[in-house]
Every structure is written in C-alpha cells, then in structure tokens.
Amino acid sequence: MKLKQTLSAITLSLMAAASYAGEVEVLHWWTSGGEAKSVSVLKGLMEEQGNSWKDFAIAGGGGESAMTVLKTRAVSGNPPSAAQIKGHDIQEWGRLGFLTDLSDVAREENWDSVLPEVVTKVMKYDGDYVAVPVNVHRVNWLWVNPDVLKKSGAEVPTTLNEFFKVADKVKAAGFIPLAHGGQPWQDITLFEAVALAVLGAEDYQKAFVNLDMDVLSGEGMTEVFIQFRKMRDYIDPKYRGRSWNSATSMVINGEAAMQIMGDWAKGEFAAAGKTPGKDYLCVSAPGTQGQFTYNIDSFAFFKLSEEADRKAQKDLARTILDKDFQEIFNLNKGSIPVRLDMDMSRFDKCALDSMATFKSTSTNGGLVPSVSQGLATTSYVQAAIFDVVTNFFNAKDPNPEKTARKLARAVKAAM
Ligand code: GAL
C-alpha cells in the first residue's frame with residue numbers, strides 16, 4: 001500500500017515532465033528476489049506515465065548471458081530501448097555507433113552537477129551522455145550470519161588472517177564458512193576482494209586499471225593467488241555453477257557463516273525480511289576497511305526510429321534519476337543512490353557506511369573500480385583476467401607464482 005502511494009506521488013511529479021506515451025523495452029538481468037522487486041519500481045513508474053514497459057530480462061548475475069543476447073539483437077538491427085550496460089562496455093557500444101545522445105535531458109535535469117565525476121565520465125561517450133546511472137554498489141563487503149559465528153565461538157574477522165582463523169572455527173562447528181557460487185564473475189569478486197586486501201588500493205589500481213606488468217606478475221600478485229586459493233578450503237564442494245543469490249540464501253538460513261559479495265546481496269536479506277545489525281551484519285571484506293570497490297549500474301540508450309518510443313526513452317532517462325525513485329529503488333536494491341544530494345534518512349547502517357566510505361575514498365585514493373563488474377578495464381582484458389583466475393581457482397594443484405606471470409601475459413595479449 002505504502003509502495004503504491006509513493007509510486008503515485010512520484011508519478012504525478014514525473015507526469016508534468018513527460019509528454020507522450022510509447023514503449024520502452026528494457027534489457028536487464030535483475031531476476032533475483034531483491035532485484036526483481038527493485039526493477040518493478042521502474043516498470044510501475046513508466047506505466048503510470050502512460051508508457052508501456054516490455055521486460056527483457058535475461059537471468060544470470062554479472063550479465064554475461066544478457067550481453068550475449070543483446071549483441072544478437074543489436075546486430076540484427078533491432079535493439080531494445082535501453083539495456084543494462086556498464087563501465088567500459090558503454091564506450092565500446094558508443095564506438096560502434098549504437099547509442100543515442102541524451103544531452104538534452106541531462107542539461108534539463110542538471111546531471112553534471114548532481115552526479116559525482118567518477119560516475120559521469122563512465123556515462124558519456126565522446127562528451128555526450130549515452131547512459132544513465134542507477135546506483136552505486138560497493139562490492140567489497142563481507143555478509144555475516146552472527147548466529148552462526150556465535151555458535152562457532154568466533155568473532156567477525158577484520159583481516160585475512162583473522163578470516164582464516166574464524167573459518168577454521170566455523171568449519172569445526174559443522175557449518176560452511178564461506179558461501180560461494182562457482183561462476184567466473186563470482187570467482188573474480190572473491191579474487192578482487194583478496195587483491196585489494198593484499199595489494200592495497202594503489203597497487204590494485206596499477207594492476208587492474210593501468211595494467212602495469214610488474215604489479216600483475218610480481219610477488220604481491222603471487223601472494224594474492226596464495227590467499228585467494230586458501231579460500232577454497234572453506235567453501236562447500238557443491239559450489240560450482242551456484243548462483244550468487246543461492247549463496248546468499250545459505251547465509252540467510254544459517255547453513256553458511258559468511259559471503260563476500262557486492263551489496264546487491266543486501267537486497268536478498270531485505271527481501272527475506274531480515275534486519276541488518278540483528279539478523280545479519282555487513283562489514284568490509286577482510287583487510288579492506290576504508291576502501292571501496294565500486295560498481296555502477298547503468299542503462300545505455302539505443303538509437304530508435306519511432307518518435308513515440310524516443311520520447312518514452314527520455315521519460316525513462318528522467319525517471320531513473322528522479323530523487324524519489326532513487327530512494328525507493330536503492331532501498332530495495334541494497335545499493336546507494338547515485339545522486340549526491342539525497343536525503344539518506346530512510347537508509348540503514350550498511351547504506352550509510354557505504355555512502356560515507358564512497359565519499360571519503362573519492363578524495364583519498366581508496367576508491368577503486370571493480371574488475372568483476374567491468375568497471376576497471378575493457379571487456380577484452382576482463383575476459384583474460386576471468387580466464388586465468390577461474391582456471392587457477394578450479395585447478396587441482398595450481399602454482400601461484402606461475403599464475404601471476406600467466407596473468408600478466410594474458411592481459412598483455414588482450415590489450
Ligand atoms: C551485477 C549488477 C548488480 C547485481 C549483480 C547480480 O552485475 O551490477 O546490480 O544485479 O550483478 O545480479
């Protein structure tokens with residue numbers, strides 16, 4: 001009821017700006033409980049403005065399957081109105097000439113002044129807005145079931161060393177220490193959290209953004225692989241192919257103690273009716289306090305031929321950055337609003353911590369882009385990293401030192 005009232009209030013204010021009714025077909029991969037709830041807010045608002053919403057949902061966290069389907073559609077000359085496209089991929093689609101210019105909406109709505117620069121530069125191709133950001137997700141979180149830790153006689157770990165000690169206790173008490181889904185993007189999510197802890201933000205940036213061969217192949221990276229591989233001893237044998245939200249459910253229902261995952265996991269806890277600080281805890285991934293690995297969800301907008309659909313597209317662009325939408329969407333999604341001028345009073349401690357760390361790291365160098373989410377580097381380099389890291393994680397007896405050198409070689413070949 002409350003949701004309905006809020007949606008109607010938002011709609012009234014948006015209707016004043018909206019002009020014409022058309023259709024928006026929107027490609028996304030938000031199909032888990034928390035995600036579906038969040039995206040339905042956007043659908044509801046578009047429909048209330050008189051536009052029709054054609055849902056183009058392709059399941060699969062990280063969006064790999066969604067991107068494959070999108071390419072086929074776009075190449076056959078029939079792209080959707082908007083698609084969930086992030087980071088460097090926006091530039092790649094822009095270069096191919098598929099994306100439409102949203103500068104007029106951006107000017108009317110002052111996007112340049114309400115959005116942080118780290119965000120706007122990702123959304124623009126050749127100086128023009130071609131994508132609209134939805135949120136900021138922090139990726140380097142540890143999600144904890146406090147009850148399981150208590151039963152295991154363990155405290156919340158703050159360093160990697162502590163993490164392994166706690167994990168031993170949890171294992172001895174008969175629980176799964178770390179919930180994990182063995183899909184490449186989830187392996188990299190774990191890997192980048194360990195890399196940030198071991199290398200620190202500066203070398204993380206050198207390795208994965210500047211693609212510095214010395215850091216990629218060096219001793220620090222060998223240590224990253226050693227620590228990363230140790231994590232596998234604390235994951236249950238059925239991890240391969242498991243979805244990220246099934247892993248989150250294992251923490252929610254007390255089967256597992258912890259999960260390292262972006263704060264879309266909070267959307268699952270919220271959808272299950274759980275309260276942060278009581279039923280679950282959100283803390284920095286071990287060893288990454290005061291650092292922030294960012295993932296920015298965004299929709300890129302395609303060139304369309306129908307005038308009514310182009311107008312509906314602009315309604316969508318405007319709606320995504322509407323303040324009330326930003327609030328309600330991000331409350332459900334687990335992320336923080338992407339606008340800097342928001343009232344955060346309805347947000348929980350996890351979101352407030354995230355916002356504070358996002359702001360402090362924006363100026364002190366602790367803000368780094370996520371590799372697993374495509375924010376750090378091109379899709380080609382990202383694919384090379386995914387390959388080396390996933391193979392290492394799943395191999396029988398892999399060699400960390402050789403793998404660090406292999407990583408550098410693979411990245412170089414993809415540059
Ligand atoms: C990410 C996306 C998040 C979340 C996650 C799991 O790629 O940015 O919003 O949905 O996948 O599906």
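At a relative accessibility of 3%, Cys350 counts as buried (buried is under 20% relative accessible area, exposed over 50%, partly exposed in between, with a 1.4 Å probe and protein chains only). The model is a predicted one, with local features needing pLDDT of at least 70 and side-chain atom pairs counting only at pLDDT 80 or more, while totals for chains, interfaces and linings use all residues. Residues are numbered from 1 along each chain as its sequence is written, and side-chain values use heavy atoms, with hydrogens and water left out.

Cys350 has a partner: Cys282 and Cys350 form a disulfide, with 2.1 Å between their sulfur atoms (the cut-off is a pair of cysteine sulfur atoms within 2.5 Å). Searching the whole structure turns up one disulfide. The link between Cys282 and Cys350 is left-handed, with -100° about the S-S bond. Cys282 sits in strand E11 (residues 281–284) and Cys350 in helix H17 (residues 349–364), so the pair ties together parts 68 residues apart in sequence. Helices (H or I, at least four residues) and strands (E, at least two) are DSSP runs, numbered from the N terminus. Cys282 counts as buried too, at 14% relative accessibility.

Trp141 and Cys282 are 141 residues apart in sequence, yet their C-alpha atoms are 6.5 Å apart in space. Leaving aside neighbours within four places in sequence, Trp141 is in contact with both Cys282 and Cys350, and its other partners include Met261, Asp263, Val283 and Asp353 (contact means heavy atoms within 4.5 Å).

Next come the nonpolar cores, each a set of buried Ala, Val, Leu, Ile, Met, Phe, Trp, Tyr and Cys residues joined through side-chain atoms within 4.5 Å. The largest has 74 residues, and Phe208, Met221, Phe225, Phe228 and Met231 have the most contacts inside it. Helix H10 (residues 184–208) supplies the largest share of this core, 13 residues. Beyond its neighbours within four places in sequence, Phe225 touches Phe191, Val389, Phe392, Pro400, Thr403, Ala404 and Leu407. A second, separate core holds 64 residues, among them Leu70, Ala74, Trp93 and Ile336.

On to the sheets. Strand E1 (residues 23–28) is mostly covered, with five of its six residues buried. Six bridges pair E1 with strand E2 (residues 52–57) in the parallel sense (two strands pair if DSSP finds at least two bridges between them), and His28 stands opposite Ala57 in E2. From E1 the chain crosses through helix H2 (residues 33–48) to E2 in a right-handed β-α-β crossover; that is, with the strands pointing away from the viewer, the path from the first strand over the helix to the second runs clockwise. E1 also pairs in the parallel sense with strand E3 (residues 82–84), over two bridges, and here Leu27 stands opposite Ala83.

Elsewhere, four strands make an open sheet in the order E14-E7-E12-E15, with mixed pairing. Strands E14 (336–337) and E15 (367–369) stand at the edges with a single partner strand each, so one side of each has no neighbour in the sheet. Strand E7 (residues 135–138) and E14 run antiparallel, joined by two bridges. Asn135 has Pro337 as its bridge partner in E14. Helix H16 (residues 323–333) packs on this sheet, touching E7 and E14, and its direction makes about 25° with that of E7 (axes are lines fitted to C-alpha atoms, for helices over the stretch in contact, and angles run from 0 to 180 degrees between N-to-C directions).
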